[in-house]
Amino acid sequence: MAGSRKRASGAGWPVVLIPYAWLVLFFSIPFLIVLKISLSATAIAQPPYTPVFDPAAGLAGLKDFLAALSFENYAQLIADNLYVSSYLRSLEIAALSTVILLVLGYPVAYGMARAPRRWQGLLLVLVILPFWTSFLIRIYAWINILQHDGLLNQVLVALRVVDAPLTWLATDTAIYIGIVYSYFPFMVLPLYAALEKMDESLLEAAADLGCPRWKTFWLVTLPLSRAGIVAGVLLCFIPIVGEFVAPDLLGGSSRQMIGQTLWTEFFSNRDWPAASSVAVVLLLLLVVPIVIYQHHQARELERA
């Protein structure tokens, strides 16, 4: 029996190592490369930065390579208002968009979870249906809808809501519309998964005890769906912070999000070290809160 347990344990090691190997190959190694470039200096060369490590130089070359690295690019991020404003704007748009997504997505997910079983599959398909079309094509469709003579202005004028067509493109409103539309399924699906598996007998018990519906929702439904809320918020907030396509095509050029700034530094200015430092700081801004939250959740589970 002990031998069979050892063989089963040994056979499970490859399965356990697969996610770690994935993280090393596709996260840790690329991150270390980007981190190294962020500590380099811009150069008119190929690649466009120095120093470049030459293994043939031996130990002396390694020492010279490490001595040439510096944190000057990170100091520049703090000194230049362009980067600070881009980070703040990205966090602002991501936070407000996530709140809008939660306010709109929760009722939809709740309705899907409370719908008859025979309709839930169809409703789920309708939510994920936009994924069947390219993200870029959907954004270009919104350009046609929001342009001066687009569908939205035509409907508003026909309904006499406005007297003349409004300006939607190149505004923050267009950015929020594009982002909320694009990330709506990412908010609804985790919420639906949490609400759908909730035990309805708890709601019946609350009603039998005389609890009104709004209080039942606040004290029973909302706390039980907290895991879905957290998952939906993280799935939306994290990618929205680094969003590039929607703000670049729908928004104006007066104030950029950090994804637009990173693209400009990398492709237009050919300043790979500056772009890499922007990417490293952005990654830390997103990963550190998640790690803190997971640590907090682990401590709560230990106390429980």
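Q: Which helix gives the most to the nonpolar patch?
A: That's H5, with 4 residues. The patch covers about 860 Å² and is made by Trp119, Leu122, Val125, Leu126, Leu129, Phe131, Trp132, Phe186 and Leu235. Keep in mind that this is a predicted model: local features need pLDDT of at least 70, side-chain atom pairs count only at pLDDT 80 or more, and totals for chains, interfaces and linings use all residues. Residues are numbered from 1 along each chain as its sequence is written, and side-chain values use heavy atoms, with hydrogens and water left out.

Q: Why is Phe131 called partly exposed?
A: Buried means under 20% relative accessible area, exposed means over 50%, and partly exposed is in between (1.4 Å probe, protein chains only). Phe131 comes out at 34%, so it's partly exposed. You'll find Phe131 in the loop between H5 and helix H6 (135-146).

Q: What makes the contact between Arg89 and Asp172 a salt bridge?
A: The term needs a side-chain nitrogen of Lys or Arg within 4 Å of a carboxyl oxygen of Asp or Glu. Arg89 and Asp172 have N to O at 2.7 Å, and that's a salt bridge. The pair links distant parts of the chain, with Arg89 in helix H4 (residues 81-114) and Asp172 in helix H8 (residues 172-196), 83 residues apart.

Q: How many salt bridges does a search of the whole structure find?
A: There are 2. One of them joins the side chains of Glu196 and Arg117, at 2.5 Å from N to O. This pair also links distant parts of the chain: Glu196 sits in helix H8 and Arg117 in helix H5 (residues 117-128), 79 residues apart.

Q: Why is Gln260 called buried?
A: Because its relative accessible area is 4%, Gln260 is buried. Gln260 lies in helix H13 (residues 258-268).

Q: Why is Asp208 called exposed?
A: Its relative accessible area is 69%, so Asp208 is exposed. Asp208 belongs to helix H9 (residues 200-208).

Note on methods:
Helix = DSSP H or I, 4+ residues; strand = E, 2+ residues; numbered from the N terminus. Patch = residues over 30% accessible without salt bridge, like charges linked within 9 Å, V, L, I, M, F, W, Y side chains within 5 Å. Areas by Shrake-Rupley, 256 points an atom, 1.4 Å probe, with all protein chains shown as cover.
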